[in-house]
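User: I would like to learn how to read side-chain pairings in a model of this kind. Could we take charged pairs and then aromatic rings?

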Amino acid sequence: MSAAELWEMSAVLGAGIAAGAVNVVVGSGTLITFPVLLATGLPPVTATVSNALGLIPGSISGAVGYRRELRGQRRRILKWGAGALFGGVTGAALLLSLPASAFERIVPVLVGLALVLVVLQPLIGRRLRDRRERQGRSARADGGPLLLAGLTLASVYGGYFSAAQGIIYVALMGMLLDDDLQRLTAVKNVLVAVVNSVAALFFLIAADFDWTAVALLAVGSAIGGHVGATVGRRLRPAVLRAFIVVVGTAAIVQLVLR
């Protein structure tokens, strides 16, 4: 094994650790790993598929790390998880049938809109609560059909590319639910794990991938997911929201310049 190959493997492993941590707290880890995989010489679709497979352990590790915040959310997770399952398979199928550039223009717009919603979430939440109080209604625990549809569509995008899908999940849930941001982050990690897992199973059957890249990302993301859950659970809502905005803004810049 040459020195260049060792450096490439170290870079992929390091990217996996960083992506695993960022994915758990925010959800933009693909923007770290994808360019590294391309730099090692993998074709775009093979890099996307390998990335989806390799980041699964990180998603699971993050979801386990947030298990305390998941208590009492079983019904939500089952309902939204079904939408994530359908959306993940649909997105994976689109990846293998559409041109690689199909989402390039709309992705920065989606992420930008999600960031605006994350920033405005406290204001939107207060306005919605005030409106419900005036009308004598209570908030739906699952956000209703609108949230289910939004999360399912976000899962289609996640199965296709996955970059910043976690930000979109948090933005949608924060806008339509009256709940703690850490609890929403915990659910986000479960949905991401579902989408990545079902997309990966689809890819195992229908697409090419690089086993070395998958293994390195899997080890790295599992470590990073544990670290991210440990750190992320200690962040105050305002700090967590600010971190989401910073990472999301960096993601938009990278997507536009790529």
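User: How many salt bridges does the count come to here?

Analyst: Side chains of opposite charge can pair when their charged atoms come close. In this predicted model, the count comes to three salt bridges. Asp 179 takes part in a salt bridge with Arg 76, where the closest N and O atoms are 2.8 Å apart; this pair links distant parts of the chain, since Asp 179 lies in the loop between α9 (165-176) and α10 (181-206) while Arg 76 belongs to helix α6 (residues 74-97), 103 residues apart. Asp 179 also forms a salt bridge with Arg 183, with 2.9 Å between the closest N and O atoms, and in this way Arg 76, Asp 179 and Arg 183 are linked in a network. Another salt bridge joins the side chains of Glu 69 and Arg 68, at 3.8 Å from N to O.

User: Is Arg 76 buried or exposed?

Analyst: Because its relative accessibility is 12%, Arg 76 counts as buried, whereas Asp 179, at 21%, counts as partly exposed, as does Arg 183 with a relative accessible area of 24%. Glu 69, at 9% relative accessibility, counts as buried.

User: Which rings form the aromatic pair, and how are their planes set?

Analyst: A pair of aromatic rings is described by the distance of the centres and the angle of the planes. The structure holds one aromatic pair: the ring centres of Phe 209 and Trp 211 are 4.9 Å apart and their planes stand at 85°, so the pair is edge-to-face, given that angles over 60 degrees are classed that way. Trp 211 counts as exposed, its relative accessibility being 59%.

Note on methods:
Residues numbered from 1 in each chain as written. Predicted model: local features only at pLDDT ≥ 70, side-chain atom pairs only at ≥ 80, totals over all residues. Heavy atoms only, no water. Phe/Tyr/Trp six-rings, centres within 6.5 Å; stacked < 30°, edge-to-face > 60°. Buried < 20%, exposed > 50% of the residue type's maximum accessible area, 1.4 Å probe, protein only. Salt bridge = Lys/Arg side-chain N within 4 Å of Asp/Glu carboxyl O. Helix = DSSP H or I, 4+ residues; strand = E, 2+ residues; numbered from the N terminus.
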